Amino acid sequence: MKIKTGIVLSGFVNVALIVVIAAFAYHDLNRILTKLAFVEIADDLNTLFLEMRLSEKNYFLSNDPGELADIKERLASAKQVVGSMRGDIVRATGAANYAELVEDIGEYGKTFPEAGQDRPPDADAEARIRSAGKKLREFSETLIRLERKEVHRIIDNSTNGMLLSFWAILLSTVALSPVSSRRILNALKKIETLTKSISQGRFDKIEEHPGNNEIASVIRAVNSMSQELRNREEELLQTKKLASLGILTAGVAHEITNPLNNISMIAQTFEQSYGDLDETMRLEFMKKVENEAERIKNVVINLLDFSKPKQSQRLTADVRELVEHTMALVRNMLDVSAIDTALDLPQGLPPVLVDEHQIHQVLVNLITNAIQAMAPGGRLSVAVRAVSGGAAVEIEVRDTGKGIAPEHLSHVFDPFFSTKGVGGTGLGLSISYGIVKNHHGSIRVESEAGKGTAFTVTLPAITSQNFAEE
Amino acid sequence: MSGKVVMVIDDEKIVCDMAKIALRKEGYEVETFVDLVLAVERLKGRSFDLVITDLKMKGIDGMEVLRTIKEKYPATKVIMITAFAHLSAAIEAFRGEVSDFFPKPIKLKELVAAVKRAVGDEA
């Protein structure tokens, strides 16, 4: 279900609930008003009966025929009221009681004409009249009491209904909407994690969300962005590698030219001084040619190996060997630039899980940067050591070059930031940063203008604990 | 036979060996060094007519050897060889001071001819 549909639906449910509650409240209020009107009328009836009884009492005391006329008039009104309230009275007290009321009124009315014939009513008639009057009063009081009770019942019901509806709405907003909002929040959390990892240079993917809602399309979009970035990063890595290759070429030319020259000189000597050479020397010459050819082959293999696009593959490696391998690649460049080297590569460091080619690329990049920062006679120091009690391994590349200005130091890992003018792409360190981050490691820089710079790459070591996790 | 003394300095031993064979054939006395420091030391003990030196080697720069020779042994001629073709421009600057310059790979016949020219053995 789409989130939009869910939100519209839950909104619709809430609106429907409110409409139902309003309808019930309106209905109850109407009933209460009707009931109250009925109670008022019943109250009037009660007043009529009360006045009738007062007149009745006066009649018995003074035997005034005027009182009798009042009673008859009120009795007529009472009859009219009772007639108009028939439905309500029947509903409130039952048909039998209504019939009894009508009969009582009739009885009460009938009693008087007999009593009104210019002589005081006898004690028997008086008792009957009093009893009928009392009955009428009691009836009207009962009616009022019952109706009041009914009104209270309706109000109670209505209050309960309101309360119930309140809980229902509360439930639907507090308990039901979090079901959909939790889905949104969970998805946002996932996307947040993903974007965080992307910003740190790891282009992970997250699990696709099932269904065809907005969350699923956002996750699909973010995943495809991540994939795209990963593709771009691989292209970038390759581009940068080819750029490093350009820098390496100066060293490589020297490395190839020397054995090539050796072979050429042996061949020339072989040809020009063949007669002066004995058998042993000739054989020795050919052996040397073979050795020199081997030297060239190694240089070419090294170079091809470095420049070839690689499938990323993480294997257990020893940082010491990684550094030695890298040094072989840059050795000639160092010689050409007349840079001294100091290596501190102790044995027995904890192993690391790395893509060797990528780490070579990082080290070649750091070392070429160091060489470019130094004048002839500078010194490059490369040291490896275990840190954090063996949980990580550090590779430090230190030069005695011109250093990095403090205001540039925080930007050195930014893409396209370069202090080399037109010569630098500004990508080397940012790519190195990405590679190291991808290895769950870190890279930091210290520099003092005029004194030199040190880059330190920290890689997590394979301990028995995290090896089990991998 | 001229009997002139030539020193060859190159950290590639094959260069030293081949140059020695070619130059001896032409009657030169040849001493070779793969180590620049030892070579400079040797210069103090004997006078050489010509020094053939590689420009870039581990240790000291061939350019320093040139400077030392020009300063202390101005009579000694110098021929430069190098694996770096791109250093030709730099060498050009020393055109007046070096007798000749050869980027590798070296043609032995040309080298021998250059040596002869430098020490005045040219016919």
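**Val6(B) finds its bridge partner, Leu50(B), in strand S3 of chain B.** In this predicted model, local features need pLDDT of at least 70 and side-chain atom pairs count only at pLDDT 80 or more, whereas totals for chains, interfaces and linings use all residues. Residues are numbered from 1 along each chain as written, chains are lettered from A and ligands numbered from 1 in written order, and side-chain values use heavy atoms, without hydrogens and water. Strand S1 (residues 5–9) of chain B is joined to S3(B) by four bridges, and the two strands run parallel; strands pair if DSSP finds at least two bridges between them. S3(B) is also joined by five bridges to strand S4 (residues 77–82) of chain B, again with the strands running parallel, and here Thr53(B) stands opposite Met80(B).

**Strand S3 of chain B is mostly covered.** Five of the five residues in this strand, which spans residues 50–54, are buried (buried is under 20% relative accessible area, exposed over 50%, partly exposed in between, with a 1.4 Å probe and protein chains only). Leu50(B), Ile52(B) and Asp54(B) point one way from the strand, while Val51(B) and Thr53(B) point the other way, and all of them are buried. In a regular strand, side chains alternate between the two faces of the sheet. Of the 123 residues in chain B, 48% are buried.

**A salt bridge in chain B joins the side chains of Asp100(B) and Arg117(B).** The N to O distance is 2.8 Å (a salt bridge is a side-chain nitrogen of Lys or Arg within 4 Å of a carboxyl oxygen of Asp or Glu). The pair links distant parts of the chain, with Asp100(B) in strand S5 and Arg117(B) in helix H5, 17 residues apart. Asp100(B) is buried because its relative accessible area is 15%, whereas Arg117(B) counts as partly exposed because its relative accessibility is 46%.

**A cis peptide bond joins Lys104(B) and Pro105(B).** The omega angle of this bond is about 0°, and Pro105(B) is placed in the loop of chain B between strand S5 (100–103) and helix H5 (108–119).

**Arg385(A) and Glu394(A) belong to a salt-bridge network in chain A.** The side chains of these two residues meet at 2.7 Å, N to O, and the network that links them also includes Glu396(A), Arg398(A) and Arg444(A). Glu394(A) is buried at 7% relative accessibility, while Arg385(A), with a relative accessible area of 30%, is partly exposed. Over all chains, the structure holds 29 salt bridges.

**Two aromatic pairs are present over all chains of the structure.** Phe166(A) and Trp167(A) form an edge-to-face pair, with 5.6 Å from centre to centre and 65° between the planes (rings of Phe, Tyr and Trp, the last by its six-membered ring, pair if their centres lie within 6.5 Å, planes under 30 degrees apart being stacked, over 60 edge-to-face and the rest tilted). Phe270(A) and Tyr274(A) also pair edge-to-face, at 5.3 Å centre to centre and 80° between the planes. Phe166(A) is partly exposed at 46% relative accessible area, as are Phe270(A) at 24% and Tyr274(A) at 40%.

**Ala338(A) and His440(A) have positive phi angles although neither is a glycine.** Ala338(A), with phi about 55°, is found in the loop between helix H8 (319–336) and strand S2 (340–344) of chain A, and its relative accessible area of 33% makes it partly exposed. His440(A), with phi about 60°, lies in the loop between helix H11 (428–438) and strand S6 (442–448) of chain A, and this residue counts as exposed at 53% relative accessibility.
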